[in-house]
Amino acid sequence: GSIPGFYHFSSGDMFRALDKNSELGKTFLSYSTKGLLVPDELTIRMWCEYMAGRVTAHAYNPQQQLLLLDGIPRTVNQAQVMAPFVNVRKVVHLVARDEEEMVRRMKHRAIKEHRPDDADERVIRKRFEVYHSETQPLLDFFAPDLVAEVVATATPAQVLHDMLHVLVPVQEKACTPWEG
């Protein structure tokens with residue numbers, strides 16, 4: 001998110017930034033603490049409002065920044081509803097075949113980033129189940145030439161390198177030159 005010319009949107013960050021005592025915050029927690037996805041309608045509504053606010057605040061310039069969606073869409077339905085709002089140029093599929101390594105990393109992240117939704121191993125494993133049933137079908141929704149795989153269990157620097165290798169050509173074609 002700090003690399004010029006890119007705007008990183010994380011649905012998880014959006015949800016975790018909610019006031020835990022607000023109605024939306026309580027709704028988010030009721031799903032996330034069980035490893036479940038927040039309902040599509042609520043997720044899309046919040047995303048639309050958030051992105052409109054980012055454009056209005058001049059934090060995101062669609063002509064000069066490539067929008068990187070992280071954690072959305074998570075279902076085929078979300079992708080269908082979002083289609084009028086986004087022009088998908090590439091899908092980066094972060095591949096993590098070693099589930100035990102991912103559990104270890106998520107538990108570490110829970111401690112490091114104070115993320116209670118990552119602290120419970122049962123919740124983490126439920127997330128993997130939900131991923132396989134609800135999110136993995138997205139890979140078939142998008143045209144195969146749009147999907148690029150990046151190994152997510154490499155070092156953070158290698159993952160960033162591999163993602164930039166995929167995304168920089170997309171950015172160069174899609175955006176006007178960045179003027180920082």
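**Reading burial, cores and aromatic pairs**

Q: Is Q65 buried or exposed?

A: Q65 has a relative accessible area of 14% and is therefore buried; the term means under 20% relative accessible area, while exposed means over 50% and partly exposed lies in between (1.4 Å probe, protein chains only). This is a predicted model, in which local features need pLDDT of at least 70 and side-chain atom pairs count only at pLDDT 80 or more, whereas totals for chains, interfaces and linings use all residues. Residues are numbered from 1 along each chain as its sequence is written, and side-chain values use heavy atoms, with hydrogens and water left out.

Q: Where is Q65 placed, and with which residues is Q65 in contact?

A: Helices (H or I, at least four residues) and strands (E, at least two) are DSSP runs, numbered from the N terminus. On that scheme, Q65 belongs to the loop between α3 and β2 (66-70). Contact means heavy atoms within 4.5 Å. Neighbours within four places in sequence aside, the contacts of Q65 are G5, F6, Y7, A59, Y60 and C175. A polar contact is a pair of N or O atoms within 3.5 Å; within protein, one must be able to donate a hydrogen and the other to accept it, and residues adjacent in sequence count only if both atoms are side-chain atoms. Here a polar atom of the Q65 side chain lies 2.7 Å from the backbone nitrogen of N61.

Q: Which residues of the largest nonpolar core touch the most other members?

A: A nonpolar core is a set of buried Ala, Val, Leu, Ile, Met, Phe, Trp, Tyr and Cys residues joined through side-chain atoms within 4.5 Å. The largest one has 15 residues, of which F9, F15, M46, W47, M51 and I72 touch the most other members. At least two residues come from each of β1 (6-10), α1 (11-16) and α3 (40-56), and α3 gives the largest share, five residues. M46 is in contact with M14, F15, L18 and L24, leaving aside its neighbours within four places in sequence. Another core, of ten residues, lies apart from this one and includes V150, V166, L167 and V170.

Q: Which residues of helix α2 are buried?

A: In α2 (residues 23-32), they are G25, F28 and S32. The arc is that of the directions from the helix axis to the C-beta atoms. Down the axis of α2, the buried residues fall within an arc of 65°, so they line one face of the helix. Their cover includes α1 and α6 (121-135).

Q: How many aromatic pairs does the structure hold?

A: A pair of aromatic rings is described by the distance of the centres and the angle of the planes. Rings of Phe, Tyr and Trp (its six-membered ring) pair if their centres lie within 6.5 Å; planes under 30 degrees apart count as stacked, over 60 as edge-to-face and the rest as tilted. The structure holds five such pairs. One of them, F15 with F28, is stacked, at 5.1 Å centre to centre and 5° between the planes. Since F15 lies in helix α1 and F28 in helix α2, this pair ties together parts 13 residues apart in sequence. Both F15 and F28 are buried. The W47 and F85 rings, with centres 6.3 Å apart and planes at 70°, are therefore edge-to-face. W47 is buried, with a relative accessible area of 4%, whereas F85, at 52% relative accessibility, counts as exposed.
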